[in-house]
Amino acid sequence: MSAKTTAEKIAERNKRTKQKFEVKAAKKKAAHDAKIKKQQKKKEKETRAQNSGADNPENIVKKEKWTKAVSEAAKSIQTEKITFDVIPIFEYNFGTIRMRIIIQPKTSMNIGTITPMQIPAQKWNEDTIREKIEKAVEYDAFDIELNKETEFKLRDNITQYLKEDRELAVDSILAPIMPHADFFKHVRTIQKNTYSTHPLDVQKPALLASGMLRIYVCGVMFICSPDGESLIFKRGKYFHNSVAFANSHKNEIKACLRYADEMNKKDFVELSAYLSFELDTIAKTLDAKMIFGDGIEAQKASFSEAEINIENVKEWAQRVAEYHEYNVKEKKKEEIKELYDIPLYGNLLALTVLKLIRKNGRKLTAKRVARIMTNPEAARKTMLNETPECGKFQMIDNDIIVNYIDDMVAHKLIDTAKSGHEQVLYITNDGLDFIRLEYRRLHNEYTDFSDLDWIEYIKQCIADGIKSRAQEQISVLEHKSIFILYPDETKEFLKYAPDDWKQYASMMYELATSHEKEYWKMILEMMKNKEAGI
């Protein structure tokens, strides 16, 4: 018997693989069919359980009693203009019967579809059914979706009415500050153009119990007959009086509006202000409001009919602006005082970290800031915006810098934002103000001096040629940042340090480890210059 060829072997392998997949697919299909069959049985069981109450004698009696009560209640609510179809809907659920009631208002007029009402299922008896149905239809208006023919007819009739009512003709410049400003803008457009390019929007149509239609145009109510022939402008007198009041003072009001436009286009005060007006046609006042760009609460004033003129408005606006500027300056003084009170004020390391974060907003994490500040190699390799102090704080532990950053976050000088999986840092407005603070000496005792106090004092000593050093000034040695950032000035200052200072530095060097040891070694090197007379 000849050996099988390679092609035959491949064909057999492919056949076995195909058979294997067919068996697997058949098992999967059988499992799926079994699952579907199980779900169908469960659903049939639930359906049978839900409908199980239909043949219950007690439920049959309830259904007949409720149906009769609904029918009797429906007869009592019919009116001449509107009739109501009242339909009970029965549902069965695990042996119990429930009923909800649908009420469909109807009218003989072909004007649209009235929105049906629904009374939810509850504990029913004859009295409850009657009360709920009567209460549901006692409303004087029923929402309706008008058909296109009726809507077009109403829109055309109202448009014609507004076009012909000249008592609604308000000056176009005054329309935006009128009550119901959108309505008056639309009226102005209708009266100005023979063919309006902005058709009226008929809003919230409702059928009244009287058979009339209630609609709104730009929030203003009109009562119309369905054929549009009869139209009632419910608050027509109020709107006519509003226009008469506005037009009688239009010259004075226009002058006030021009003044507001000029003021709003420029910085009226240190912080931008926005002046606006509204007409209160009931109280007959011109209401002014000035809002400032910094968020301080708006200032308001009402000018009576006799007070509406540009001089009064200007006087008020100037007074409000001056008061605002005073408040802004006082608030700024208080904010500056609070910044000086932050314990980090005068700390050179904190200021250096703030400057680095300001130049690299939302790019650096706290640990990366510490690494750049303490590692010259990391500072040189970085592609960020460096500061001259980067890499100079080798004798400061990274943890100390991270702790300073936490303090600055707590005092809201910097904040964090999520960038990928990291929390990056950015400087806040308070942080920017903190950097810009003018130097102010807050302490008189040497032991309380900040870094800035010490460096200013050292520079003054060198300038004045003061060579004596008091014993209590030894606290300067604890201010590492000034020796790191101002080596020349501090070396000159240590020329005249007492011998006790060198003994203290030697003791600290013996006790210190790691970066601390490097720092005290640097201090001792500076003091050697004293012995050498350099």
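What is the relative accessible area of Glu 516? Select Glu 516 to begin: its relative accessible area is 29%, so Glu 516 counts as partly exposed. On this tour, buried means under 20% relative accessible area, exposed means over 50%, and partly exposed lies in between (1.4 Å probe, protein chains only).

Before you click on, a word on the model. It is predicted, so local features need a pLDDT of at least 70 and side-chain atom pairs count only at pLDDT 80 or more, while totals for chains, interfaces and linings use all residues. Residues are numbered from 1 along each chain as its sequence is written, and side-chain values use heavy atoms, with hydrogens and water left out.

**Stop 1: the whole protein**

Zoom out and switch to a cartoon view. The protein has 18 helices and 14 strands; helices (H or I, at least four residues) and strands (E, at least two) are DSSP runs numbered from the N terminus. The radius of gyration is 43 Å, well over the 24 Å that the globule rule gives for 534 residues, so the protein is more spread out than a compact globule. That radius is taken over C-alpha atoms, and the rule is 2.2 Å times the number of residues to the power 0.38. Along the principal axes, the C-alpha atoms fill a box of roughly 120 × 120 × 60 Å. Of the 534 residues, 38% are buried.

**Stop 2**

Lys 480 is buried at 14% relative accessibility, whereas Glu 516 is partly exposed. A salt bridge here is a side-chain nitrogen of Lys or Arg within 4 Å of a carboxyl oxygen of Asp or Glu, and the count by this rule is 14.

**Stop 3: along helix H18**

Stay in H18 and select Lys 528 with Glu 525. Their salt bridge has its closest N and O atoms 3.5 Å apart. Both residues lie in helix H18, three residues apart, about one turn of the helix. Lys 528 is partly exposed at 45% relative accessible area, and Glu 525 is partly exposed too, at 39%.

Ser 514 is also in helix H18. What is phi of Ser 514 near? Its phi is near 50°, a positive value in a residue other than glycine. For context, most residues other than glycine have a negative phi. Ser 514 counts as exposed, at 51% relative accessibility.

**Stop 4: helices H8 and H13**

Now select Lys 332 and Asp 433. Their side chains meet in a salt bridge, 3.3 Å from N to O. Here too distant parts of the chain are linked: Lys 332 is in helix H8 (residues 310-340) and Asp 433 in helix H13 (residues 429-435), 101 residues apart. Lys 332 is partly exposed, with 38% relative accessible area, but Asp 433 is buried, with 19%.

Keep H8 in view and show Glu 334, Glu 335, Glu 338 and Asp 430. These residues gather in a patch of negative charge on the surface. H8 supplies the largest share of the patch, three residues. Glu 338 lies in H8 and is partly exposed, with a relative accessible area of 46%. Patch members have over 30% relative accessible area and no salt bridge, and like charges are joined within 9 Å.

**Stop 5**

Where is Lys 412? Look in the loop between helix H12 (398-410) and strand S13 (414-419). Phi of Lys 412 is near 60°, another positive value in a residue other than glycine. Lys 412 is exposed, with a relative accessible area of 59%.

Step on into strand S13 to find Thr 416, partly exposed at 35%. Draw a distance from Thr 416 to Ile 427: their C-alpha atoms are separated by 8.8 Å, and they are 11 residues apart along the chain.

**Last stop: helix H7**

Finish at Glu 252, in helix H7 (residues 250-264). Glu 252 is partly exposed, with a relative accessible area of 31%.

How values were computed:
Patches are made of residues with over 30% relative accessible area and no salt bridge: like charges are joined within 9 Å, nonpolar side chains (Val, Leu, Ile, Met, Phe, Trp, Tyr) within 5 Å. Accessible areas come from the Shrake-Rupley method with a 1.4 Å probe; for residues, only the protein chains shown count as cover. Lys and Arg count as positive and Asp and Glu as negative; His and the chain ends are not counted. The place of a charge is taken as NZ of Lys, CZ of Arg, CG of Asp or CD of Glu.
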